Amino acid sequence: MTALLNDILKYSDEVKKALAAGSPVVALESTIISHGLPRPSNLTVAREVEAIVREHGATPATIAVLDGNVHIGLSDDQLVAIANRDDIMKASSRDLAIAVAFGKSAATTVAATAHLAVLAGIRVFATGGLGGVHRGANESFDESADLTALSALDITVVCAGVKSILDVGATLERLETLAIGVVGYKTNNFPGFYLTDSGFEIEHVANSADQIAQMIKARTAMKTNTSALIVANPVLHQMDKKLHDEVLANGLAAADKEGITGKAVTPFLLEYFHTASQGDSLRVNIEIIKSNSALAADIAVALGK
Ligand code: PSU
Ligand code: MN
């Protein structure tokens, strides 16, 4: 094992070329693939999302750790490995060095992907929903490391708000404290992942990718880019609200009863939703990831103009 960054980061040929040419690149996370979506749709979606980024004029860089190497951009075989192998751990930033030092394989969360994307020189990142403050966090202290990671990274993250399994109001307060910018894409209503509107308002609205690119440039000029910018892009066809609320209540009760804690909580609840809603949450989750990837690519292209 080497301790040199240049040896640890392995770029795919297309990502290496795009970065060298200053062409638009979009970072994509891998925890969605390995721990967020069920097989076999996880692999299909991972491939489709890359295709969408290309159609919108940018180069996709799905980020993951395989056998101790950090990959910025995956080959199709590597996507298959992340989607299907049983030894893929879920890595947040703090786990990255362990995976590399011990030659392990890991899917990267928003926190870890954003960290690696910034190291690689990528400025725009698409995910599904951010991690945040969990319900009952006043007792469990369960707050996603996504928040603290994004408080110290210059990256723009396109997401459908934060997952509705979380305490959305508390998460918005933490985003404010951590100086993480939040802008709604064509909406004043902060989206709640499976739901178009979480019930919380956002102050600022952008109506085009160009406007977001202008914001990114102004952040850089004024050095307020020491923390991330969140672009909240609501899902168009949300889950049935009644079904959503029912599944959520049952899922939270099941997690509690089964004693699910730590990094297992989010994958447990997502899986619970997919099963209990008979695929309705899966449909929405897939729509979210696709639409966020398209918007992220548009922003990356606009930034390059
Ligand atoms: N968005 C999705 N599916 C996911 C996630 C986001 O549509 O699985 C993942 C991201 O990797 C995010 C993680 O960083 O959930 C949050 O996990 P935790 O709450 O343990 O920080
Ligand atoms: Mn957690």
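Which domains does the shell around ligand 1 draw at least three residues from? In this predicted model, both domain 1 (1–122) and domain 2 (126–305) pass that mark, each giving at least three residues to the shell. Altogether, 18 residues surround ligand 1. The closest of them are Glu-29, Lys-90, Ser-144, Asp-146 and Thr-266.

What kinds of residues make up this shell? Sorted by type, the shell around ligand 1 comes out as ten polar residues, four charged ones and four nonpolar ones. Helix H3 gives the most, with three residues. As for the space that ligand 1 takes up, that is the largest pocket.

In the side chain of Lys-90, an N or O atom is 2.7 Å from an oxygen atom of ligand 1. For Asp-146, a side-chain N or O atom comes out at 2.8 Å from an oxygen atom of the ligand. Asn-285 has a pair of this kind too, with 3.0 Å between a ligand oxygen and an N or O atom of the side chain. How much of ligand 1 does the protein bury? On its own, ligand 1 exposes 480 Å², and the protein buries 94% of that.

Away from the ligand contacts, the backbone has a couple of features to look at. One is a cis peptide bond, with omega at about 0°, between Arg-39 and Pro-40. Pro-40 is found in the loop that runs between H3 and helix H4 (41–55); helix H3 is also the one that gives the most residues to the ligand shell. The other feature is at Asp-67, where phi is near 50°. That is a positive value in a residue other than glycine. Asp-67 has its place in a loop as well, this one between strand E3 (59–66) and strand E4 (69–72).

Key. Residues are numbered from 1 along each chain as its sequence is written. Chains are lettered from A and ligands numbered from 1 in the order in which they are written. This is a predicted model: local features need pLDDT of at least 70, side-chain atom pairs count only at pLDDT 80 or more; totals for chains, interfaces and linings use all residues. Side-chain values use heavy atoms; hydrogens and water are left out. A residue is near a molecule or strand if one of its heavy atoms lies within 4 Å of it. A polar contact is a pair of N or O atoms within 3.5 Å; within protein, one must be able to donate a hydrogen and the other to accept it, and residues adjacent in sequence count only if both atoms are side-chain atoms. Accessible areas come from the Shrake-Rupley method with a 1.4 Å probe; for residues, only the protein chains shown count as cover. On a 1 Å grid over the protein atoms alone, a cavity is a set of points where a 1.4 Å probe fits but cannot get out, and a pocket is an open set with protein on both sides within 12 Å along at least five of seven lines; lining residues have an atom within 4 Å of a point. A molecule sits in a cavity or pocket if more than half of its atoms lie within 2 Å of its grid points. Helices (H or I, at least four residues) and strands (E, at least two) are DSSP runs, numbered from the N terminus. Ala, Val, Leu, Ile, Met, Phe, Trp, Tyr, Cys and Pro count as nonpolar, Asp, Glu, Lys and Arg as charged, and the others, Gly among them, as polar. Domain bounds come from an automatic or database domain assignment.
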